[in-house]
Amino acid sequence: MTETLTGSQILCRVLLEQGVDVLFGYPGGAIMPFYHALPEYPALRHVLVRHEQAAAHAADGYARATGRAGVCVATSGPGATNLVTGIATAHMDSTPVVAITGQVPRAMMGRDAFQETDIIGITQPITKHSVLVDDVDRLAGAVREALAIAVEGRPGPVLVDIPKDVQQAKTEWRDQHAARQPAPRPGGVPGPLADAVRLLAEAERPLIMAGHGIILSGAYEELRALAERTGIPVITTLLGISGFPESHPLHLGMPGMHGEVHVNRAIQQADLILGIGLRFDDRVTGNLAGFARHAKVIHVELDPSEVGKNVAIDVGLVGDARDILRALLDDVAPRDCKAWRAQIADFMRPRQESFREDLSPGAILGAIDRAAEGRCTIVSDVGQHQMWVAKLFPYRRPNTHLTSGGLGTMGFAVPAAMGAALARPDEPVWAISGDGGFQMNMQEIATMVQEGIPVKMAVFNNGYLGMVRQWQQFFHGRRYSATPIWSPDYVRLAEAYGIFGRRVERGDEVGDAVRAAIAHPGPALVEFLIEQEANVFPMIPPGASLSEPIEGEPTEPRLVPA
Amino acid sequence: MSGPRAVTVLIEDHLITLSRAVGLIRRRNLPVHSLAVGPTDAPGVSRLTIMLQSDDATAGRAAQHLQKIIGVRDATAIPAGDAVAREIALVKLRPPPERYAELLDVVQLYHAAVVDESADVVIVELTGSEAFVLSCIRALERFHIVEVARSGAVALESGAAELRMSTQPQLEAGAT
Ligand SMILES: Cc1ncc(C[n+]2csc(CCOP(=O)(O)OP(=O)(O)O)c2C)c(N)n1
């Protein structure tokens, strides 16, 4: 059957046809025709955010939690530019966000019209793909294409810019479902598999470093099976966390700048590193010249341009992590690496951290885990607390730790947790922020209230932009320039929004506050007044190698390496 | 071996795709020696030739990055020594009348051609490797060069290698 529809109606139909069920957005002049059509499609839930940045992060959180594309919508000009940080965040972490932006009518384009920005140009280096739809007859195809491109292969953000008059234009519409399916991930297993198997059998001190690719390909079982078959210890990068059970005896922890000493020493002593779905980012490797000097490297990676980009490799296996791990499992012989693991155990050090009366990040995170009975998703912001959340929470289930890794975007946690909460209605989703990052997007509490999104928010309030303060303490002679940060009274803030609010000042209040927040049906905010000048240890100073950690309070201030 | 490496790219004819390709080279901070773009025999597909002042590994990685752009049908780096690279230059001259005959000798020596002549100005067309073109331009300097337009190099890999284009267009026609 053919009918005559507007571009906006077609957009809604295609989103529904492609399985999109929620949009995060904000209206404005150039996207009004779309918002005019939207009420005709009640199956498309629209979440009105309070700032478009939050729409992009929420779509990202939704995408990370589901593996499906998360969709955000904004008007032209300032609406579109407000999306930029969220799009860049998604791009750096390879997550499938589709951004739909209104654009000024075609006849006005190129004339610096009111609220005209070249959003395609602005986002070009931070999108996987983008398209200006300048003909209503191409709209359906372009939207299907965008949703498919975002998720296929190595995922990434796609932007669709639609001039207002294209949204209004009418055309014949024929129901034709799902013309464009995402291309399957490249199947099959590349050549040098035998070399990898041989290296894995010969190595005396092998390590597995697992990244985001484990989560993107869902290779949890395979990773675990390979580790258990070979006894090779597993390191998980910031975005690989929860890809391998935290408490597994073979799990070592997180590597890199704030990795534990034994993890980084294991890397430095290893004679073989099997890197799976990671890009050997500088926060992971430290100074490249001093990274894992004794190790051969096998790199399993979907994106061939990542293989050998940062670290010289001996064997590159290009393809989906799950397929390649399965193929390795067919050929790898059992072994156990006992001596090597004993050696690593000898590297372990007690953690150097001073917190008041048990009001430590570890105690807070433990309480959250217990109160949630092991079923919750943690979304962290950026800073010191992010490192504590990465290292101290006992992740049990795959993909339960979401954070902005590559871009390190403060303000990510609260809106991303909204997306994750809509994707996972059956478990508490906690947004854990510092007092700095929380104040970057706390306006979204209003969104949660209006839309009934029950995000549980924890603010680790130390009165500072803590991570920057730590760098100032270590490398800038304790000059705390622009890092002390004032906060409003969060309990009264919660009250003003009409949500649950609680302040925790002592260790013995933690458990009760967390349980009450979870038990409360709606959004909830718990502020933890933590030690003001605690530091994240250990720390590899920027520019140093993994062999040069700062393990405790420095006695003398260091100066930043120029 | 130093000297520029050729990266050749088959690219769909949309400015956004070209912009992405060039933007990628800029963002990765790759040292561009020259860029040339022109149509191919396949409708809707252009060939972009990027000469990079780099080693083979860097050029190879550039090709891998380019390959990921939606709308790039194929991209390859030609290893040093395997590239046949040629460029064209148009040289506008204002030769002193008494040296016109001498100019024609130089033009002949370089297998160049006079392609335009007006009252006191001529345009010479020359083709060859970059080194050849540069040496020819140097030889023409004494005839008072007014302006030079160079195309930047296009390159093919010697032997049977070819860019193999995925047959499916990746972008809808008319996308910008
Ligand atoms: C949008 C943004 N601006 C600035 C920074 C730089 N930065 C990184 S960590 C940090 C401090 C974060 O402070 P807070 O949110 O209070 O968390 P804490 O480190 O105290 O846990 C800053 C400013 C950033 N990562 N993102």
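E551(A) is partly exposed, with a relative accessible area of 31%; partly exposed lies between buried, under 20% relative accessible area, and exposed, over 50% (1.4 Å probe, protein chains only). The model is predicted, so local features need pLDDT of at least 70 and side-chain atom pairs count only at pLDDT 80 or more, while totals for chains, interfaces and linings use all residues. Residues are numbered from 1 along each chain as its sequence is written, chains are lettered from A and ligands numbered from 1 in the order in which they are written, and side-chain values use heavy atoms, with hydrogens and water left out.

**Exercise 1.** Determine which side chain E551(A) meets in a salt bridge, and where the two residues lie.

*Solution.* 
Step 1. A salt bridge requires a side-chain nitrogen of Lys or Arg within 4 Å of a carboxyl oxygen of Asp or Glu. The partner of E551(A) is R349(A), at 2.6 Å from N to O.
Step 2. R349(A) lies in the loop between α15 (338–347) and α16 (361–371) of chain A, and E551(A) in the segment after β20 (524–529), so that the pair links parts of the chain 202 residues apart. Helices (H or I, at least four residues) and strands (E, at least two) are DSSP runs, numbered from the N terminus.
Step 3. R349(A) is partly exposed, at 44% relative accessible area.

**Exercise 2.** Describe the salt bridge of D512(A) and the accessibility of both residues.

*Solution.* 
Step 1. D512(A) pairs with R502(A), the closest N and O atoms being 3.3 Å apart.
Step 2. D512(A) belongs to helix α23 (residues 510–519) and R502(A) to strand β19 (residues 500–504) of chain A, ten residues apart.
Step 3. D512(A) is partly exposed at 43% relative accessibility, and R502(A) is partly exposed at 28%.

**Exercise 3.** Name the residues of chains A and B that are linked in a network of salt bridges.

*Solution.* The network links R154(A), D303(A), E306(A) and K309(A) with K68(B).
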